Amino acid sequence: MKKRNCLVLTQYREGDEYNDFIGKFYHFPSNSKKNYLSAFQDLPIEFIYYEPAKKGEGVFYGYGKIHKPPFDDKRDKDFSFIEISEYKSFAKPVSYKDALGEVIEQKYNPETYNSNNAVRKISPEFLDNICMDGQLLVNFSADAHLIKVLGEQLIGSEKVGILELVKNSIDANASYCKIRFEKIPNLKSMDSTVYKYNDFECPVIVIEDDGDGMDKDIIENGWLRPASTIKTEVKEKLRKEREKAEKSGKLASYNTIVEQIKKENGGRIPLGEKGVGRFATHRLGRKLLIETKPKNIDFENILSIDWDDFDSKDGIPKDLNRIPVKLTRRHISQESDKVKSWTKIIIFGGKEGFELTGVIQ
């Protein structure tokens, strides 16, 4: 396991003389007798905030992380800033002294403790103990490996993955869904001139429809958010309404709701389950390109993902929300008179164990 670099950052919560922003930036001397730059060289850094007893309450009150190197204060050459991330406050600030009146930081970190230093090293054990005693307010977080785990659990095979993507097309009110296979192992190869996607690493699977398309909001808050309710809320509504109708003996009213939902969704009831389409794209290839256009805009949105970026390196886990994927747009030179909206999903790049044989039924 990588060595943890842990610090105490002295910071008054009120009336501080420095240009600090608690949980956002830390302002410190960097060109004087108190030069703290060296303390911020070994990234990432974990830290706890300490408010001195001289003008404050003498408590540790929050925890955060530092992932980026310091940068200069343009207004004052003798100072620098460090950016803070993942800041969490304590529900119960921890006193700097124990029940016997001893300074706990000095007790557990005798070699590095110096109350005159605003920035000082501490042991990981001391940091963890202070966080626990302070009742650190934590959150659930998702490891990037979750995408692979859910893909393997929810998508039983490559064929199932393709069918899930077809369901997505149906739910998007598409009148057609075209599937194209190119350079698939175990399937009969064809002359390269027949292929449209020779620039893409094999195997290549393309699912194309004339459905509603996805705007920026749907991509960000639906497609890129596992288990979002954008699609499943319709089924949940139907389930609740049916239970209510069965209890009251008014199935006719339930049938009216079903017909209304069908009317709103091109005569269909949504088929998609748990938003598994995104996991299907992971199962089918290492890379993904989505080209999608909603109606009434003159460009298409382009989402590109390299699933290899989600794999941990050297056993170090990656947070799902810290892995950037590229979302951009592309103007359309000429729009078809018939097709006003669409989605094209291009999945490419071989994965270990990939297998697609026979006919999809």
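Modeller: A salt bridge is a side-chain nitrogen of Lys or Arg within 4 Å of a carboxyl oxygen of Asp or Glu. This is a predicted model, in which local features need pLDDT of at least 70 and side-chain atom pairs count only at pLDDT 80 or more, while totals for chains, interfaces and linings use all residues. Residues are numbered from 1 along each chain as its sequence is written, and side-chain values use heavy atoms, with hydrogens and water left out.

Colleague: How many salt bridges does the structure hold?

Modeller: The structure holds 17. Among them, Arg-120 pairs with Glu-105, with the closest N and O atoms 2.5 Å apart.

Colleague: Which parts does the pair of Arg-120 and Glu-105 tie together?

Modeller: Helices (H or I, at least four residues) and strands (E, at least two) are DSSP runs, numbered from the N terminus. Arg-120 lies in strand E8 and Glu-105 in helix H1, so the pair ties together parts 15 residues apart in sequence.

Colleague: Are Arg-120 and Glu-105 buried or exposed?

Modeller: Buried means under 20% relative accessible area, exposed over 50%, and partly exposed in between (1.4 Å probe, protein chains only). Both Arg-120 and Glu-105 are buried.

Colleague: What is the relative accessible area of Arg-283?

Modeller: Arg-283 has 22%, and is partly exposed. Arg-283 forms a salt bridge with Glu-158, the closest N and O atoms being 3.5 Å apart. Glu-158 is buried, at 6%.

Colleague: Which residues are linked in a network of salt bridges?

Modeller: Arg-4, Glu-46 and Asp-128 are linked in such a network.
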